[in-house]
Amino acid sequence: FVVSGGGSFTGDLIAFASDIRLKTDIQPLTSALDKTLSLNGFTYKFNETGGDLGFDTDITYAGVSAQEVQSVLPEAVRPAPVDDKYITVQYEKLVPLLIEAIKELNAKVEDLEQKLSDK
C-alpha cells in the first residue's frame, strides 16, 4: 500500500528477512568503495512534476539519485510507488554496500599505517 505524505509507527517495522539460513547463491559485494564514491548525496526540493504526484515542493529533502544507485547496485532500486515510470531507492539496501566500503577503506588505512611503522 502507498502512504502519501509520510507515516509514523510506534513499534518496529520489520519488512524483510536477514537470516542467513534463508539465503543461497551468496555473492560478496566487490569494489564497494569505488561504487560508494560514485554516488552523490545532496539536498533537493521536488519539482512541479513531483508536486503533481503528491510530493510537497516546499520541503527540502536529503537523498541520492536512483539512477546513480541503479548503476552500481541495481538491487537497491525499485519502481516508485507513486508511478512505476519513475524509480526509487530502497535506502536500507545501501547499508551492505556502505559496510563493505568501510571495510575496504579500513584495509587501506591499515596498509598505510603498516607502511609508516615499517620506516
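Thr57 counts as partly exposed because its relative accessibility is 32%, where buried means under 20% relative accessible area, exposed over 50% and partly exposed in between (1.4 Å probe, protein chains only). The model is predicted, so local features need pLDDT of at least 70 and side-chain atom pairs count only at pLDDT 80 or more, whereas totals for chains, interfaces and linings use all residues. Residues are numbered from 1 along each chain as its sequence is written, and side-chain values use heavy atoms, with hydrogens and water left out.

**Surroundings of Thr57**

- Thr57 sits in the loop between α2 (48–52) and β2 (61–63); helices (H or I, at least four residues) and strands (E, at least two) are DSSP runs, numbered from the N terminus.
- Leaving aside residues up to four places away in sequence, Thr57 touches Lys45, Phe46, Asn47 and Gly51, a contact being heavy atoms within 4.5 Å.
- Thr57 and Ile99 are separated by 42 residues in sequence and by 33 Å in space, C-alpha to C-alpha.

**Nonpolar core**

- The largest nonpolar core has 13 residues; such a core is a set of buried Ala, Val, Leu, Ile, Met, Phe, Trp, Tyr and Cys residues joined through side-chain atoms within 4.5 Å.
- The residues with the most contacts inside this core are Leu39, Val69, Leu73, Ala76, Val89, Leu94 and Leu97.
- At least two residues of this core come from each of α1 (32–37), α3 (66–72) and α4 (95–117), and α3 gives the most, with three residues.
- Val69 touches Leu39, Val64, Pro74, Ala76, Val77, Val89 and Leu94, when residues up to four places away in sequence are not counted.
- In soluble globular proteins, nonpolar side chains tend to be buried together.

**Overall form**

- The protein has four helices and four strands, in the order α-β-α-β-α-β-β-α from the N terminus on.
- The radius of gyration, taken over C-alpha atoms, is 19 Å, whereas a compact globule of 119 residues would have a value near 14 Å; the globule rule is 2.2 Å times the number of residues to the power 0.38.
- Along the principal axes, the C-alpha atoms fill a box of roughly 60 × 35 × 30 Å.
- Of the 119 residues, 15% are buried.
- Among contacts between residues at least 6 apart in sequence, 41% join residues at least 24 apart.
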